[in-house]
Amino acid sequence: HWLLLVVNIRERRFECWDSAGAVSCPRTRRRYLRRFMTDLEKTQYGQAQTRFAYDDWSFVSWGCGGVPSVPTQTDKYNCGIAMLWYIRCIVLNHSIHFEGAHLDALRFG
């Protein structure tokens, strides 16, 4: 299963976009993402301390538990296409709108 994790520096939050509409997002994602960002900064800057205190960043799970809701897939194989569509909309600053049934058309269109 593919999902999208976004590091939103401007809003100081981590975002999880899950097209499967999982019932809950594990807390381990939060911990691993914070650890990854800390390690990435230390590797890039060669410092023992990081520029950001990621512990105070919020974690928003779109699609997890349906709140807030996002378009979800209606099958078991289009999670990658949904993830790519999320990326496209986020990068272009577009609202995320599609129906799960349209994912096949997005795949080939």
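Helices (H or I, at least four residues) and strands (E, at least two) are DSSP runs, numbered from the N terminus. This is a predicted model, where local features need pLDDT of at least 70, side-chain atom pairs count only at pLDDT 80 or more, and totals for chains, interfaces and linings use all residues. Residues are numbered from 1 along each chain as its sequence is written, and side-chain values use heavy atoms, with hydrogens and water left out.

**Exercise 1. Find how many helices and strands the chain has, and in which pattern they follow.**

Solution. Step one, the count: the chain has three helices and three strands. Step two, the order: along the sequence the pattern reads β-β-α-β-α-α.

**Exercise 2. Work out how S1 and S2 run and how many bridges join them.**

Solution. Start with the criterion: two strands pair if DSSP finds at least two bridges between them. Here S1 and S2 run antiparallel, joined by five bridges. For a landmark, look at valine 6, which stands opposite glutamate 15 in S2. Then turn to the hairpin: four residues lie between the two strands, and arginine 12 takes a positive phi near 55°.

**Exercise 3. Sort the residues of strand S1 (residues 4-8) into a covered and an uncovered face.**

Solution. Recall the rule: in a regular strand the side chains alternate between the two faces of the sheet. Now apply it: Leu4, Val6 and Asn8 form the covered face of S1, while Leu5 and Val7 form the uncovered one.

**Exercise 4. Classify the two aromatic pairs of the structure and say which parts of the chain they link.**

Solution. First, the cut-offs: rings of Phe, Tyr and Trp (its six-membered ring) pair if their centres lie within 6.5 Å; planes under 30 degrees apart count as stacked, over 60 as edge-to-face and the rest as tilted.

Next, take phenylalanine 14 and tryptophan 57: with 5.2 Å centre to centre and 35° between the planes, the pair is tilted. Phenylalanine 14 sits in strand S2 (residues 13-17) and tryptophan 57 in the loop between helix H1 (27-45) and strand S3 (58-62), so the pair ties together parts 43 residues apart in sequence.

Then take tryptophan 17 and tyrosine 86: the ring centres are 5.5 Å apart and the planes at 45°, so this pair is tilted. It links tryptophan 17 in strand S2 to tyrosine 86 in helix H2 (residues 79-91), 69 residues apart.

**Exercise 5. Are tryptophan 17 and tyrosine 86 buried or exposed?**

Solution. Buried means under 20% relative accessible area, exposed over 50%, partly exposed in between (1.4 Å probe, protein chains only). Tryptophan 17, at 8%, is therefore buried, and tyrosine 86, at 1%, counts as buried.
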